[in-house]
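My notes follow in the order I took them.

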Amino acid sequence: MYNKKDSSLSDYEKYIKTEELLSLQKNEEELCCEDELTFQTIHQIAELHFKLIIQYIHRTDAHLKNGEVTMAADQLRRINLHVKQLPDVFNMVKVISPRDYHTIRLALGRGSGQDSPGFNRILELGPILWKPFQDILSKRSLSVLELHQQFNQQHELFDLMQELIQFDEGFQSFRHHHIQIVKRMIGFETKSLKGIPAKALERGAKFEFYPELWKAISELTDLTGSSYNPQPLQD
């Protein structure tokens, strides 16, 4: 269907490489069930989102190391835009009946979404942004808590911190959402194709890229005494 002579391809097709892209899924006669193409395409879309997130993490890291606060925040906003799309991408899996889903899973052999190279690379790379961010704080003689307290005077740096928190929160939310997909499609009282209990995914979803940022939020709450003996916030 997509095999054209190179001379008949439009410039768009040549640039986007649509022939190669659309040949990366199984042909109709190769499908193990009707919705295998849906399953395969959804996960390929997710890998492309992961690929862009990884590129933007590297760019963010470079900007942070150069002390380029605004440019680093811009790259983080790109990351967060893609992370926000991930739950909706995987929601499309829900159109597959659980019975067909199991047929597809068996066709995977011992494959698992936990083997996603893009997902696992993000888990590795996410935390690397902490050190260069911390270095910027140190150069300004600030702690995370003090940055919260001085957000009006350090607005660009505070905005950067908020984007880091959003990245961490968004990726955790995506992982929680994926757990719900697993629960809906295969159940929690079972084991994955690798023999790992499905409930084990919950432990991974608690992983934080930047625990120091979350700790500082609690410290600010404790400092203000907003639960007991509240004190006025200092500008």
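**Entry 1: the salt-bridge network**

I started with the charged side chains. Asp-74, Arg-77, Asp-159 and Glu-163 are linked in a network of salt bridges. I count a salt bridge when a side-chain nitrogen of Lys or Arg is within 4 Å of a carboxyl oxygen of Asp or Glu. The model is predicted, so local features need pLDDT of at least 70 and side-chain atom pairs count only at pLDDT 80 or more, while totals for chains, interfaces and linings use all residues. Residues are numbered from 1 along each chain as its sequence is written, and side-chain values use heavy atoms, with hydrogens and water left out.

I then took the pairs of Arg-77 in turn. Arg-77 meets Asp-74 in a salt bridge at 2.8 Å, N to O. Both sit in helix H4, three residues apart, which means a separation of about one helical turn.

Glu-163 has a relative accessible area of 13%, so I list Glu-163 as buried. My cut-offs: buried is under 20% relative accessible area, exposed is over 50%, partly exposed is in between (1.4 Å probe, protein chains only).

**Entry 2: H4 against H9**

H4 covers residues 69-91 and H9 covers residues 155-185; their axes come within 9 Å and cross at roughly 15°. H4 is therefore roughly parallel to H9. Axes are lines fitted to C-alpha atoms, for helices over the stretch in contact, and angles run from 0 to 180 degrees between N-to-C directions. Under 35 degrees counts as roughly parallel, over 145 as roughly antiparallel, 65 to 115 as roughly perpendicular, and the rest as oblique.

The contact of H4 with H9 has 16 nonpolar, seven polar and four charged residues. Ala, Val, Leu, Ile, Met, Phe, Trp, Tyr, Cys and Pro count as nonpolar, Asp, Glu, Lys and Arg as charged, and the others, Gly among them, as polar.

How do H3 and H4 cross? Their axes come within 9 Å, at an angle of roughly 165°. H3 is therefore roughly antiparallel to H4. By class I find 17 nonpolar, seven polar and two charged residues in the contact of H3 with H4.

I picked out His-49, which lies in helix H3 (residues 36-65). His-49 has 15% relative accessibility and so counts as buried. Leaving aside neighbours within four places in sequence, His-49 is in contact with His-82, Gln-85, Leu-86 and Val-89. Contact means heavy atoms within 4.5 Å.

**Entry 3: Arg-175**

Arg-175 is in helix H9. Its relative accessible area is 15%, so Arg-175 is buried. I asked what it touches beyond four places in sequence. The contacts of Arg-175 are Phe-119, Leu-123, Gly-204, Ala-205 and Phe-207. Arg-175 and Ala-205 are 30 residues apart in sequence, yet 5.4 Å apart in space, C-alpha to C-alpha.

**Entry 4: another salt bridge, and totals**

I noted the pair Glu-124 and Arg-121, whose side chains meet in a salt bridge at 2.8 Å, N to O. They are three residues apart in helix H6 (residues 117-125), which means about one helical turn between them. Arg-121 is partly exposed because its relative accessible area is 34%. Searching the whole structure gave me seven salt bridges.

How many helices and strands are there? The chain has eleven helices and zero strands. Of its 235 residues, 38% are buried. Among contacts with a separation of 6 or more, 72% are between residues 24 or more positions apart.

Methods
Helices (H or I, at least four residues) and strands (E, at least two) are DSSP runs, numbered from the N terminus.
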